[in-house]
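Please walk me through this model, contact by contact. Start with the backbone, then move to the side chains.

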Amino acid sequence: MRRSLLISGAALALCSGLVLAQDAPESLLPPGFDDPEPPAPVTAPAPRPTQAPSSPGQVPSASGGQPVVQPLPDIPDVGGFSLENLPTLEELEEMSIDELDELLGLKPKFDIPPAARRAMERVGIIAADEGGFAPGSLARQPAMLVDAALAGTTGPLVSRWGHIMLRRALASRMAPPEGMSPVRFAALRMSALNAMGEYGAARAIAQDVDTANWDELLTAQAVRAYFATSDILGACPAVRLQGGSADDPEATMLRAICDAYAGEETRGNQQLNRALSREIAPRIDILLAQRYAGAAGQGRRAVDIEWDGVDALTPWRASLANAVGEEIPEGLRDGAADYYLLNWATAPMLGLPQRALGADLAASRGILSASAAIDLYSQIYADDEIIGDVALTSTRLREAYVANDPDDRMSAITDVWGGLDGDYGRFVLTAYAAARMPPGSDYGDDAGGLIAAMLSAGLDRDAALWTDRVSEGSLAWALLAVGRPGQGVTFDNQAVDAFLDDDDSVESRKSKFLVAGLAGLGRIGQGTTDTMVNRLEMDLSTHTRWTRLIDRAADVQNPALVAILAGLGMQGDSWERMTPRYLYRIVNSLRRVGLEAEARMIAAEAVARA
């Protein structure tokens with residue numbers, strides 16, 4: 001077939017040449033420039049023998065005597081391997097089409113036409129005109145600094161607003177720093193997003209890079225993101241193009257799944273059957289893989305999933321179960337780790353009650369917006385078949401928004417909160433309901449919670465309506481002191497002292513964060529700052545390497561770098577991990593580079609959640 005194509009191509013080339021020769025235009029070159037060189041002299045060919053050699057490898061002698069035996073040429077290399085080392089028939093039967101192409105040297109580096117390949121100069125999913133940071137924000141920054149900051153972001157952030165800001169920076173369409181490869185820049189950002197639980201954003205960045213450009217780090221982070229979002233097939237282009245070399249059980253099963261969906265259903269199912277017989281992995285893992293692979297092509301293979309004896313969840317089990325629509329037993333869902341809760345909250349294929357298990361956590365982290373959390377509970381309210389606590393919460397949430405009497409709305413809001421010390425995700429859930437409450441002394445006892453809820457969703461102008469309706473020194477006053485917008489807002493010792501006197505938080509953490517936030521925003525003078533620092537016995541001035549770096553980033557007016565360094569300094573699973581000194585540096589640096597709104601929201605969140 002290939003030979004016939006070559007012959008056809010040669011014939012087409014000859015025909016094309018004839019057409020061009022007939023219609024050739026008159027030359028525009030000066031005389032002599034397009035004249036061909038005189039042909040080289042032709043020598044007469046040597047006379048050919050009239051009798052063919054008697055056997056291969058022999059030629060007649062010049063005198064017509066006995067033929068002279070010539071040595072056979074070496075067997076040529078084809079496709080990078082020697083024909084002498086061809087696999088056996090049994091080995092060839094076990095090979096997939098991709099493995100055969102790789103063996104024969106026919107496997108392309110790219111499976112995308114040149115015109116469709118994407119450039120790597122700027123990788124990301126949020127352009128500058130869509131709210132992202134400037135494309136060249138990091139182009140002239142030290143590559144080692146950016147590399148270290150991204151690689152050092154290995155966990156969640158204590159702040160919801162810090163999370164939202166860092167996600168925007170990591171997802172922005174930006175050029176890499178000079179000296180850093182675009183692939184590594186993309187992979188490091190994906191690694192940080194995965195660590196934050198932003199698997200959807202990490203997957204989107206992976207999809208912005210052609211799979212032929214993926215290196216080992218980017219592939220690992222892409223597979224992690226694809227599995228967390230139950231998009232198993234998303235990793236297959238890289239697995240098949242690069243030829244996964246890992247020999248661990250999950251990699252073996254993933255290759256079998258990819259083979260099945262590439263048109264090799266029989267081969268993929270055979271590999272999984274062999275994995276089951278050899279017990280390379282727990283039975284439940286292989287059964288889930290068989291169920292998934294069995295749906296490929298014309299396959300209608302039925303596989304019964306048996307959860308008996310399974311006492312723990314793994315990312316593989318959770319991802320495959322979600323993908324095939326297999327319900328995870330309640331005993332495994334109860335007490336599940338944050339990883340699974342966050343995945344369930346954003347998985348559209350799951351039932352609403354299971355999604356609600358992680359909704360509060362996802363909202364408090366910043367993964368779910370207030371609108372998305374409200375939409376989830378609205379769907380739960382509309383489903384009459386859902387019962388239990390989640391249904392009751394949806395009912396009370398509806399009343400918090402639509403009840404005619406403000407007192408009824410306030411009662412429903414506090415029920416959803418479960419108390420002022422409840423889950424911060426519930427404050428996010430009631431943010432817009434809180435904004436509908438009329439400012440006034442009638443709800444003074446709940447003013448702190450209402451303002452905290454409004455600021456959790458960035459409703460700072462709604463919260464500012466309470467400025468003249470709250471008591472000086474109260475929690476509501478403290479939240480407005482750092483959270484409300486406005487230029488030239490300042491406070492004196494007396495106002496701050498009143499809050500410190502009534503602060504009953506552990507180790508006066510609310511007071512410390514309030515002072516740090518006000519100082520960072522420039523809303524108290526240096527004298528008041530020094531007085532409060534001495535009274536609270538805290539330190540805002542001592543430097544570390546990180547504080548010097550974020551200060552320097554603010555000095556050169558680089559918002560993207562400040563955001564990344566701020567995220568690096570806000571890592572932790574609770575606000576107990578945050579120090580007033582770091583909060584001061586973060587708020588101050590953000591304000592200086594024009595991210596004043598983010599600075600205010602982070603400072604208010606610190607006071608509310610301390």
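Ser230 sits in the loop between α8 (216-228) and α9. Helices (H or I, at least four residues) and strands (E, at least two) are DSSP runs, numbered from the N terminus. This is a predicted model, in which local features need pLDDT of at least 70 and side-chain atom pairs count only at pLDDT 80 or more, while totals for chains, interfaces and linings use all residues. Residues are numbered from 1 along each chain as its sequence is written, and side-chain values use heavy atoms, with hydrogens and water left out.

Ser230 has a phi near 60 degrees, a positive value in a residue other than glycine. Ser230 counts as buried because its relative accessibility is 10%. The cut-offs are these: buried means under 20% relative accessible area, exposed over 50%, and partly exposed in between (1.4 Å probe, protein chains only).

Gln557 also has a positive phi, about 55 degrees, although it is not a glycine. Look for Gln557 in the loop between α29 (545-555) and α30 (559-569). Gln557 counts as partly exposed, because its relative accessibility is 48%.

Arg173 lies between α5 (160-171) and α6 (182-196), in the loop. Its relative accessible area is 30%, so Arg173 is partly exposed. Arg173 and Phe133 are 40 residues apart in sequence, yet their C-alpha atoms are 7.6 Å apart in space. Ala302 is in the loop between α12 (283-293) and α13 (315-324). Ala302 counts as exposed, because its relative accessibility is 74%. Gln290 is 12 residues from Ala302 along the chain, and 8.8 Å separates their C-alpha atoms.

## The disulfide

Which cysteines form a disulfide? Cys236 and Cys258 do, with their sulfur atoms 2.0 Å apart. The structure holds one disulfide, defined as a pair of cysteine sulfur atoms within 2.5 Å. The torsion about the S-S bond of Cys236 and Cys258 is about -85 degrees, so this disulfide is left-handed. The bond links distant parts of the chain: Cys236 belongs to helix α9 (residues 236-242), and Cys258, 22 residues apart from it, belongs to helix α10 (residues 249-261). Both Cys236 and Cys258 are buried.

## Salt bridges

Side chains of opposite charge can pair when their charged atoms come close. Here, a salt bridge is a side-chain nitrogen of Lys or Arg within 4 Å of a carboxyl oxygen of Asp or Glu. How many does a search of the whole structure find? It finds 23 salt bridges.

Take Glu264 and Arg267 as one example. Their side chains meet in a salt bridge of 4.0 Å, N to O. Glu264 is buried, and Arg267 is buried too.

Next come Asp360 and Arg426. They form a salt bridge, and their closest N and O atoms are 2.8 Å apart. This pair links distant parts of the chain, with Asp360 in helix α17 (residues 359-365) and Arg426 in helix α21 (residues 424-429), 66 residues apart. Is Asp360 buried or exposed? Asp360 counts as buried, because its relative accessibility is 15%. Arg426 is buried as well, because its relative accessible area is 17%.

Now turn to Asp501 and Arg535. Their side chains meet in a salt bridge of 2.6 Å, N to O. Again distant parts of the chain are linked: Asp501 is in helix α26 (residues 493-502), Arg535 is in helix α28 (residues 526-536), and they are 34 residues apart. Asp501 is exposed, because its relative accessible area is 51%. Arg535 counts as partly exposed, because its relative accessibility is 40%.

Some bridges share partners. In this way Asp460, Arg523, Glu596 and Arg600 are joined into one network.

## A negative patch

Asp405, Asp407, Asp408 and Asp442 form a negative surface patch. Patches are made of residues with over 30% relative accessible area and no salt bridge; like charges are joined within 9 Å, and nonpolar side chains (Val, Leu, Ile, Met, Phe, Trp, Tyr) within 5 Å. The areas come from the Shrake-Rupley method with a 1.4 Å probe, and for residues only the protein chains shown count as cover. Lys and Arg count as positive and Asp and Glu as negative, while His and the chain ends are not counted. A charge is placed at NZ of Lys, CZ of Arg, CG of Asp or CD of Glu.

Where is Asp442 found? Asp442 is in the loop between α22 (431-435) and α23 (447-456). Asp442 counts as exposed, because its relative accessibility is 70%.
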